[in-house]
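Hi,

Here is the structure I promised to pass on. Have a look, and my notes follow below.

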Amino acid sequence: MLRMRLTRLGAKKRPSYRVIVTESDYPREGRHVEILGHYDPMTTPATVKLKTDRAVTWLLNGAQPSDRVRILLRHAGVLKAWEAARIAAKKARKEADAAAAAQSS
């Protein structure tokens with residue numbers, strides 16, 4: 001199962017993190033599928049930079065965010081974009097099914 005989670009970077013007592021997509025059983029510092037952005041909690045306010053379109057794509061493909069990444073996605077507006085994309089895809093699928101049913105009748 002794919003997970004969206006943080007991997008630690010930075011010096012001792014100066015952490016910064018990357019938001020990555022990886023398999024759930026890989027170690028924290030192990031290999032990853034894609035880097036989605038970064039998070040720096042040491043700045044005031046904390047810096048979050050994410051690739052919104054890629055994050056939405058991974059969420060649509062079933063990647064599960066960790067608790068902290070879900071909070072970061074919410075603050076960056078990615079979850080709202082994901083919900084809109086999910087509803088649009090569902091509506092398009094419903095219209096395609098209705099068109100196919102009308103054509104076959």
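Reading along the sequence, the protein chain runs β-β-β-β-α-β-α-α, which comes to 3 helices and 5 strands. Please keep in mind that this is a predicted model.

On overall shape, the C-alpha trace spans about 70 × 30 × 20 Å along its principal axes. The radius of gyration of the protein chain is 18 Å, whereas a compact globule of 105 residues would have one near 13 Å. Buried residues account for 25% of the 105 residues. Of the contacts between residues at least 6 apart in sequence, 34% join residues at least 24 apart.

What holds the largest nonpolar core? It has 17 residues, and Met4, Val19, Leu36, Leu73 and Val78 have the most contacts inside it. Strands S1 (2–11), S2 (14–23) and S3 (34–40) each supply at least two residues of this core, as do helices H1 (52–60), H2 (67–76) and H3 (78–104). The largest share, 4 residues, comes from H1.

Leaving aside residues up to four places away in sequence, Met4 touches Ile20, Val21, Leu36, Ala55, Leu59, Ala63, Gln64, Pro65, Ser66, Val69 and Leu73. Two of these partners, Leu36 and Leu73, are also among the core residues with the most contacts.

As for the surface, the protein chain exposes about 7,100 Å², with carbon and sulfur atoms supplying 53% of that area. The chain carries 21 positive and 10 negative charges, and their mean positions are 7 Å apart.

Best wishes

Note on methods: Residues numbered from 1 in each chain as written. Predicted model: local features only at pLDDT ≥ 70, side-chain atom pairs only at ≥ 80, totals over all residues. Heavy atoms only, no water. Rg over C-alpha atoms; globule rule 2.2 N^0.38 Å. Buried < 20%, exposed > 50% of the residue type's maximum accessible area, 1.4 Å probe, protein only. Contact = heavy atoms within 4.5 Å. Areas by Shrake-Rupley, 256 points an atom, 1.4 Å probe, with all protein chains shown as cover. Lys, Arg positive; Asp, Glu negative; His and termini not counted. Charge placed at Lys NZ, Arg CZ, Asp CG, Glu CD. Core = buried A, V, L, I, M, F, W, Y, C linked by side-chain atoms within 4.5 Å.
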